[in-house]
Every structure is written in C-alpha cells, then in structure tokens.
Amino acid sequence: IQTYELQVTDNKHPDTLQQSQELATIDSKIADLLGEIDKHRTSRDFLVAFNKEPVEFLNDLIATQAHNYKLLNSNTKEGEAVRLSGFYQQPLMSEAVSMYLDRIGSNK
C-alpha cells in the first residue's frame, strides 16, 4: 500500500482583505458612473425643456435666478440695504451719481 500526502487548499474563499479592497474599488467606480449618469440626465432634461418651449423656459430660468439672487443677497446687510428704497435716497448716492456722470462726460 502506498500513501500520498496531499495538501488541500480551499480556493472558494480568497483573502478577505483583497476581496474587500476589490469591492471598494468597484463600489467607487459604480458611484462615479452613477454621478456621471445623473449629470448627463440633468443636462438632457435641461435641453429637452429648452427645446419644447424656449421662450417660456428662458423666462422661468431668469425668474428662478433672480429669485435665488434676491435670497442670497437678502441675508446680508448690504442686500437688505439695497432692497430698501431709502438706500437710494441718501445724499451719498446723489454725489456718487454726479461723479459718475462727470466721469462719463469727461471720457467723451
């Protein structure tokens, strides 16, 4: 009777550290691709809306941007001051306008 010594290795479960690193890499690639898809979808939706009704789309876009601008500037002291009409009735403003008009007149 002959005997043989065999080494049995279980290749069904590779190194878990290597496997987790590969999974992390694949997850990162998937997240990047999903971000790209979302960016392209947003761009496509923008262009489709523009293509359907260009004038209405641009009016809505301008109104939205004006609203956002007002919101951003209303949170600052300067934005609040500009929003109020009293800001434009200060003596400093009439002097500034006069200086501006003089400067424009002298450049001609």
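# Helices, ring pairs and salt bridges in a predicted model

Read along the sequence, the protein follows the pattern α-α-α-α. The model discussed here is predicted.

Colleague: Which helix has the highest mean pLDDT, and which the lowest?
Modeller: For the protein as a whole the mean pLDDT is 79, with 73% of the residues at 70 or more. Where pLDDT is low, the predicted coordinates should not be read in detail. Among the elements, the highest mean, 90, belongs to helix H1, residues 16-52, and the lowest, 61, to helix H3, residues 77-83.

Colleague: What share of the residues in the protein is buried?
Modeller: The accessible surface of the protein comes to about 10500 Å², and carbon and sulfur atoms account for 59% of that surface. A residue counts as buried when its relative accessible area is under 20%. Of the 108 residues in the protein, the buried share is 2%.

Colleague: Why is the pair of phenylalanine 46 and phenylalanine 57 edge-to-face?
Modeller: The search for aromatic pairs gives a count of 2. In the pair formed by phenylalanine 46 and phenylalanine 57, the ring centres are 4.9 Å apart and the planes stand at 80 degrees. Because planes over 60 degrees apart count as edge-to-face, this angle of 80 degrees makes the pair edge-to-face.

Colleague: Which helices does that pair of phenylalanine 46 and phenylalanine 57 link?
Modeller: The two residues are 11 residues apart, and the pair links distant parts of the chain. Phenylalanine 46, at 42% relative accessibility, is partly exposed, whereas phenylalanine 57, at 15%, is buried. Phenylalanine 46 lies in helix H1 and phenylalanine 57 in helix H2, residues 54-74, so the helices linked are H1 and H2.

Colleague: Which residues do ring pairs link into a cluster?
Modeller: The rings of phenylalanine 50 and phenylalanine 57 have their centres 5.8 Å apart and their planes at 70 degrees, so that pair is also edge-to-face. Phenylalanine 50 is partly exposed, with a relative accessible area of 35%. Through the ring pairs, the residues of the cluster are Phe46, Phe50 and Phe57.

Colleague: Is isoleucine 37 buried or exposed?
Modeller: Isoleucine 37 is found in helix H1. Together with Leu23, Ile26, Ile30 and Leu34, this Ile37 forms a nonpolar patch on the surface, and the accessible area of the patch is about 480 Å². With a cut-off of over 50% for exposed residues, the relative accessibility of 55% means that isoleucine 37 counts as exposed.

Colleague: What separates aspartate 38 from arginine 41 in helix H1?
Modeller: Aspartate 38 forms a salt bridge with arginine 41, in which the closest N and O atoms are 2.5 Å apart. Aspartate 38 is partly exposed, with a relative accessible area of 37%, and arginine 41 is partly exposed at 45%. Because they are 3 residues apart in helix H1, the separation is about one helical turn.

Colleague: Which residues are linked in a network of salt bridges?
Modeller: A search of the whole structure finds 2 salt bridges, one of which joins arginine 41 to aspartate 45 with the closest N and O atoms 3.3 Å apart. Arginine 41 and aspartate 45 are 4 residues apart in helix H1, and therefore separated by about one helical turn, while aspartate 45 is partly exposed at a relative accessible area of 37%. The residues linked in the network are Asp38, Arg41 and Asp45.

Conventions:
Residues are numbered from 1 along each chain as its sequence is written. This is a predicted model: local features need pLDDT of at least 70, side-chain atom pairs count only at pLDDT 80 or more; totals for chains, interfaces and linings use all residues. Side-chain values use heavy atoms; hydrogens and water are left out. pLDDT is the predictor's confidence in each residue, from 0 to 100. Rings of Phe, Tyr and Trp (its six-membered ring) pair if their centres lie within 6.5 Å; planes under 30 degrees apart count as stacked, over 60 as edge-to-face and the rest as tilted. Buried means under 20% relative accessible area, exposed over 50%, partly exposed in between (1.4 Å probe, protein chains only). Patches are made of residues with over 30% relative accessible area and no salt bridge: like charges are joined within 9 Å, nonpolar side chains (Val, Leu, Ile, Met, Phe, Trp, Tyr) within 5 Å. Accessible areas come from the Shrake-Rupley method with a 1.4 Å probe; for residues, only the protein chains shown count as cover. A salt bridge is a side-chain nitrogen of Lys or Arg within 4 Å of a carboxyl oxygen of Asp or Glu.
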